[in-house]
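Please walk through this model with the structure open beside the text.

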Amino acid sequence: MDHRRTPLFTALKNHAALNPVQFHIPGHKKGLGTDTEFREFIGDNALSIDLINIAPLDDLHQPTGVIEEAQILAADAFGADYTYFSVQGTSSAIMTMILSVCEPGDKIIVPRNVHKSVMSAIIFSGAKPVFVSPAQDANLGIDHGVTTGAVRRALERHPDAKALLVINPTYFGVCTDLKEIVELAHSYQVPVLVDEAHGVLIHFHEDLPLSAMAAGADMAATSVHKLGGSMTQSSVLNLNTKNGFVNPQRVQTILSMLTSTSTSYILLASLDTSRRNLALHGHEMAQKAIDLAQFARRTINDIDGLYCFGKELLGTEATFNYDPTKVTIHVRHLGITGYETENWLREHYNIEVELSDMYNILCLITPGDTDESVDILLNALQDLSRTYYQVNPAHELVVKVPDVPQLMLTPRDAFYGDTEVIPFKESAGRIISEFIYVYPPGIPILLPGEVITQENIDYIIDHVEVGLPVKGPEDRSVTNVKVIVEADAIF
């Protein structure tokens, strides 16, 4: 295929050049009706292609023209049989994967450290989650992926599962042996869905982990915007239909149900052009990011009190491969938390990181980085070390993630059940009806339908007191929590 082409973006430019008289939404009419300051900042070019699904520009909900052509090109670039554009992020693509294979009461095997969008889809579908605990790294205080052994045990106990969902790579860039897991699941006739949110570049470089499509997975939700150059909220859903587990027409229907009818053509155009860039220059782009990240990694590991893992982490079931462009910096030996590090870098060097937790910060090195941006980060980290190393006592690393709570109700039944609000500190033993998670990365600590334990309460309160962003409950302070009403006994 000719990947120099951008069917959708070219059609948008040509349409704007005709300068048609518009009697349709959006009401700003090429920017004439928008705020002056905003228009001057955004520019008339962008506003001229902020259009809707009129006939010359195709329709994302039932594409037959330039959007269909753009998606066919994207499928070729990503090694998929079908590719669908998402203008509502990878979250919408993940929900589509689950809703297209799960019905009420169906079991789905999922890692405990899934993104909240997975649990949203489980609530919408009425499916029953079968949790597999990810491998914990006792040296870094982070979760890796699920192991083949853990997946095998889950499949043996639940051979009637309708799907298996795997995270590959994890937020921190670590991968399990995805190909082996896919082959195992398929031997049970179970389709494999992959949260590939942080893996767009792995499709385009042989030194990066194997992509979901290359591993034979059935569906994968991939964030082009995170690392591939498209605009925020634009992602793709890739399908492999060779194994017969996926119905592309049903996937299109579900995705359409979850998608606004006023789709953003600016986001769609950014997917079209990013596909072109990745297809033509993806290897070179990935190589640049890898080289910069490995230079940063080597330099960081020479800084007192800091550690950035690399290939030495590999060799276990949970650490089969890794993406070096995810630069995880362990700061425990400086005697400060990752959250404090994030705030210090913002205050002193105007640096924003991807995430922080109790012991680490995560920095993403992408094709948008340069020698200069990486040098700024390294200089800041050297200053950080001079400020804190051997000044504060190092924290003892304590990985005290609570055990997975007992699931007493399906998440759907709990979410829509009769509820009452009680003090969170007094909620041990009650069934929660809302989420509590730390974001980023958005991993749930408590899910609707689970029994709250004192261990859960202590863990969440510790995060709140340290200042980490605990989210999910309607009460933002996490002072109160919504639980299922306990009916009085009848005698």
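Two strands pair if DSSP finds at least two bridges between them. Helices (H or I, at least four residues) and strands (E, at least two) are DSSP runs, numbered from the N terminus. This is a predicted model, in which local features need pLDDT of at least 70 and side-chain atom pairs count only at pLDDT 80 or more, while totals for chains, interfaces and linings use all residues. Residues are numbered from 1 along each chain as its sequence is written, and side-chain values use heavy atoms, with hydrogens and water left out.

Begin with the whole protein. It has 15 helices and 20 strands. A compact globule of 491 residues would have a radius of gyration near 23 Å, and the 23 Å of this protein agrees with that. The radius is taken over C-alpha atoms, and the globule rule is 2.2 Å times the number of residues to the power 0.38. Along the principal axes, the C-alpha atoms fill a box of roughly 70 × 65 × 50 Å.

Next, the surface. The accessible surface comes to about 21,300 Å², and carbon and sulfur atoms hold 50% of it. Such areas come from the Shrake-Rupley method with a 1.4 Å probe; for residues, only the protein chains shown count as cover. Of the 491 residues, 55% are buried. Buried means under 20% relative accessible area, exposed means over 50%, and partly exposed is in between (1.4 Å probe, protein chains only). Counting contacts (heavy atoms within 4.5 Å) with a separation of 6 or more, 73% join residues 24 or more positions apart.

Now turn to the sheet. Seven strands form an open sheet in the order E1-E10-E9-E8-E6-E2-E3, and the pairing is mixed. Strand E1 (82-86) and strand E3 (128-132) stand at the edges; each has a single partner strand, so one side of each is left without a neighbour in the sheet. On average, neighbouring strands are turned by 20° against each other, direction ignored. Axes here are lines fitted to C-alpha atoms, for helices over the stretch in contact, and angles run from 0 to 180 degrees between N-to-C directions. Helix H10 (residues 248-257) packs on this sheet. H10 touches E1, E9 and strand E10 (235-239), and its direction makes about 0° with that of E1.

E2 (residues 107-111) runs parallel to E3, and five bridges join the two. In this pair, Lys107 stands opposite Lys128 in E3. E2 is mostly covered, with four of its five residues buried.

Strand E8 shows this cover too. Five of its five residues are buried. In a regular strand the side chains alternate between the two faces of the sheet. Val192, Val194 and Glu196 point one way from E8, and Leu193 and Asp195 point the other way. What flanks E8? Strand E6 (residues 163-167) runs parallel to E8 and is joined to it by four bridges. Strand E9 (residues 219-222) is likewise parallel to E8 (residues 192-196), with four bridges between them. Val194 is the bridge partner of Val166. Val194 also has Ala220 in E9 as a bridge partner. Asp195 is bridged to Ala221 in E9.

Move to the start of the chain. Which residues of helix H1 (residues 7-17) are buried? They are Pro7, Leu8, Ala11, Leu12 and His15. Seen down the axis of H1, they fall within an arc of 130°, so they line one face of the helix. The arc is that of the directions from the helix axis to the C-beta atoms. These buried residues pack against helix H4 (66-78) and helix H11 (265-300). Just after H1, Asn19 takes a positive phi of about 50°.

Two loop residues close the tour. Gly145 lies in the loop between strand E5 (142-143) and helix H7 (148-157). Its relative accessibility is 8%, so Gly145 counts as buried. Not counting residues up to four places away in sequence, Gly145 touches Pro134, Ala135, Thr170, Thr176 and Ala318.

Ile452 sits in the loop between strand E18 (443-446) and helix H15 (454-466). At 1% relative accessibility, Ile452 counts as buried. Leaving aside neighbours within four places in sequence, its contacts include Ser427, Arg430, Leu446 and Val483. Ile452 and Val483 are 31 residues apart in sequence, and their C-alpha atoms are 9.3 Å apart in space.
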